[in-house]
Amino acid sequence: MRPMILALLLLASCASPAPEYLGARRHDLDVEDIRFSVFVKPNEAEVIRLGYLSRKDRRRVPDLMMRAAEEASGCKAIANSLKTRIPGDTGEGRVGLRC
């Protein structure tokens, strides 16, 4: 039973891409001390914030997600293209890229 619980905890701590991004190249990076996993496709990136942040610290995350997408892809993030599944969510977002 304990090995199963440990395995579930390890899986829960991993960043997995949305089904549309399976097979996309993964990049792990830090931007201003916040860790992100970025899955890059030719014209779009999915950015996942890793770790806990207080509500106050989350305000700056959308801009950092855009930077993380640019750093991981080498492309320019399209202004105002960041979309999240839940409005205001800072855990996951998709960014349009101009390469």
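**View 1. Asn80 lies in the loop between strand E4 (76-77) and strand E5 (92-98).** Strands (E, at least two residues) and helices (H or I, at least four) are DSSP runs, numbered from the N terminus. The model is predicted: local features need pLDDT of at least 70, side-chain atom pairs count only at pLDDT 80 or more, and totals for chains, interfaces and linings use all residues. Residues are numbered from 1 along each chain as its sequence is written, and side-chain values use heavy atoms, with hydrogens and water left out. Asn80 is not a glycine, yet has a positive phi of about 60 degrees. Most residues other than glycine have a negative phi. With a relative accessible area of 73%, Asn80 is exposed (over 50%; buried is under 20%, partly exposed in between; 1.4 Å probe, protein chains only).

**View 2. Glu32 sits in the loop between strand E1 (25-31) and strand E2 (34-41).** Glu32, also not a glycine, has a positive phi of about 50 degrees. Its relative accessibility of 44% makes Glu32 partly exposed.

**View 3. The largest nonpolar core has 20 residues.** Such a core is a set of buried Ala, Val, Leu, Ile, Met, Phe, Trp, Tyr and Cys residues joined through side-chain atoms within 4.5 Å. Phe36, Val38, Val47, Ala68, Val95 and Leu97 have the most contacts inside it. E1, E2, strand E3 (44-50), helix H2 (61-73) and E5 each give two or more residues to this core; H2 provides the largest share, 7 residues.

**View 4. Surroundings of Phe36.** Beyond its neighbours within four places in sequence, Phe36 is in contact (heavy atoms within 4.5 Å) with residues including His27, Leu29, Val47, Leu64, Met65 and Ala68.
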